[in-house]
Structures are given as C-alpha cells and as structure tokens.
Amino acid sequence: MKHNQLKGKLVLLLALFTISCKKNEVPQPTFDVKVPKSTYKVGEPVSFTFNGNPDFISFYSGQVGNDYAFSSGRIMDIKTFSMSFQTRLQAGGQNKQLSVLISSNYNGEKNIAAIKAATWTDLTSSFSFSLTTLDYFSSGEADLSSVVNDKTKPLYVAFRYVTLAQTTANGVYRNTAVRNFLFHTKTDAGTSIAMDQLSAGWFLLEDGPILESGRNSVNASSGLITLRGNITAAGKLVQTEIWAISKPVNLNAIDLGPDRGTPVKGISDPVPSVYNFTYTTPGTYKVVFSAANSRLYGEKSITKEANITIEP
C-alpha cells in the first residue's frame, strides 16, 4: 500500500515537473512578411506587411551598416589611407626644422637607438607649411597608399624636430606646434578616422648633449604637440633632435563591428500593420526581418527574407 502511494506521488511530481517545463518553454515565434513586388524606383517607399505577433522585430535593409549577413561583425580590407594635420611655426629664423616621417619596421621601443635603427620614409615634401602666418596652417591631405609597400605591418607616424646650434648663421629655433592630426582609412564601406590627434597617443623622445626640461610636450587632454629649442646659453650651442611618435595604426583591415538591425517592434509594442522603407541608391538588396520571442528562461528567433531591386 505504501509502495503504491509512493509510486503515485512520484508520478504526480513528474507530471507537475513536465507541466512546469512546458509552461516555461519559450514559444517559437509565429511571423511572416509580405511585400507586393520585388522591383522599385529610387525614392519609392517599399511597404512590408506582417503576420504574427513576436516579442521583437528588427529590420535589416541590406545596406552597408544594416546588413544581416554582417550581424556578427564586419571586417573590411583597407583600400587607401591618408593623413593631414595643422602646424604653427612662429618666430625664430631656422627653417625646415620639422619633418614628417612614417615607418613600418620601427619596433616600438621608446629609445633613440630603436628609432635610429628603423627605416623611416620622409614625407615632408608631401605637405604644406607656412612661415608667415601667426595662426595654424593646414598641411593638406596626402595619400600614403602608394608609399607603403607592406600593409600587413603596423605603421608609425613621426614628427621630427631638429634645432641646429643657434648661431648667427643658423638663427634661433622656431616655436612649432602640431594639432588636428587625422589619419583616414578608406574601405568599401566608406572613409573613417583610424587615428586623430589625441588617440594617436604621441610620445616624445629627445636626443642631444643638452636637453632642457619642459621645452617639448604633448598635451594630455588634446594631444597638441609643442616643440621648442633650448634657451640657456650653453643649450643654444648644441644641436637637439626631438621625435613625436604615434602609436601604430593597422592598415591591413578594419573591424567595423557588427551591423545593427533597425528596431521595428519591442515586447510591449503592437505589431505595425505596415512597415515602410525608402532606398536612395540603386542596387539589389537582401532584406531580412528578424523576429524573436524572449523570456527570462530563453529566446527563440526566426528570420524572413526578401530580395529587393532598386532601379534609378
């Protein structure tokens, strides 16, 4: 008798457990999308109608940045790259103190020996400088794509500032400042900034028999580079060389991160009867709607696709 009672309780517990599991199971979303035709003109709204009531709906147009095929991430080859900056060269009489260089084999060690051991390509002639304006002067933008032979190696950018002995023949140093540095990379997705004045993370290395403290600096909040020669009697009689070097920039590929869907419906929103989207560029696009039911104990999703051709 007791055995039968125990068996009955176990059966009841198992049944309750099964019911509980089914109750907590996330239902598969019921969802469908219809579009009246597959070809549209630029500027003509594409209307999508829905059937079903999932918790969430997201829309992917198939355009760059909104493409479901890249929802896990988008890594693109860098096609071209360029850089620009502004300089201000004030007072003094020494010309051509500032040089602009790049290197693909600098090892990153912060010492003069490592800098001198690296191969540096001088790009100074590719940029513009002014000795007449008191304000900052734009260098222009130089395309570096044809200069760099191996894109698989990281690239360092350097500003080298040389002050000759400040004799009557050579003249006095010029106050030199560099700002608004921009390093652009271009992929099939467009142009982006790989490094700017602050994110370049400039560090200074000084070389010379007399190096006076505080003459050269990188502003911590803006990245502004300030370069000056010595001012003491003894310091003026020697040559100094200052390097401001960036962190390395990757030229092989760029990680743009995942493409994001456009939210159409949240868990508390009603399903819209129609969703409209207008394309502004001709092409063939794979539209994807991602629908999901989401609970604390899990999530289930479904996707619906449509190929849309946009004519001029």
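Eight salt bridges turn up in this structure, which is a predicted model. Side chains of opposite charge can pair when their charged atoms come close.

Start with Lys41 and Glu311. Their side chains form a salt bridge, with N and O 3.4 Å apart. Lys41 sits in strand β2 (residues 39-41) and Glu311 in strand β22 (residues 298-311). The two residues are 270 residues apart, so this pair links distant parts of the chain.

Now turn to Asp259 and Arg74. This salt bridge has an N to O distance of 2.6 Å. Asp259 lies in the loop between β18 (253-255) and β19 (262-265). Arg74 lies in the loop between β4 (56-60) and β5 (75-77). The pair therefore ties together parts that are 185 residues apart in sequence. Asp259 has a relative accessible area of 6%, so it counts as buried. Arg74 is buried too, at 4%. Arg74 has a second contact: it lies over the face of Phe70, 3.8 Å from the ring centre.

Asp207 belongs to strand β14 (residues 203-207), and Lys116 to helix α2 (residues 112-117). Asp207 is partly exposed at 29% relative accessibility. Lys116 is partly exposed at 45%.

Next, the aromatic rings. The whole structure holds 21 aromatic pairs. Take Tyr60 and Tyr68. Their ring centres are 5.1 Å apart and their planes meet at 80°, so the pair is edge-to-face. Tyr60 is buried at 11% relative accessibility, whereas Tyr68 is partly exposed at 31%.

Phe85 and Phe127 pair at another angle. Their centres lie 4.8 Å apart with planes at 45°, so the pair is tilted. Phe85 is in strand β6 (residues 80-90). Phe127 is in the loop between β8 (121-122) and β9 (137-138). This pair ties together parts that are 42 residues apart in sequence. Phe85 is buried, with a relative accessible area of 2%. Phe127 is buried at 7%.

Ring pairs also build a cluster. Its members are Phe31, Phe48, Phe50, Phe59, Tyr275, Phe277, Tyr279, Tyr285 and Phe289.

One more charge meets a ring. The charged end of Arg179 sits over Tyr136, 3.8 Å from the ring centre.

Methods
Residues numbered from 1 in each chain as written. Predicted model: local features only at pLDDT ≥ 70, side-chain atom pairs only at ≥ 80, totals over all residues. Heavy atoms only, no water. Salt bridge = Lys/Arg side-chain N within 4 Å of Asp/Glu carboxyl O. Helix = DSSP H or I, 4+ residues; strand = E, 2+ residues; numbered from the N terminus. Buried < 20%, exposed > 50% of the residue type's maximum accessible area, 1.4 Å probe, protein only. Phe/Tyr/Trp six-rings, centres within 6.5 Å; stacked < 30°, edge-to-face > 60°. Lys NZ or Arg CZ within 6 Å of the ring centre and 35° of its normal.
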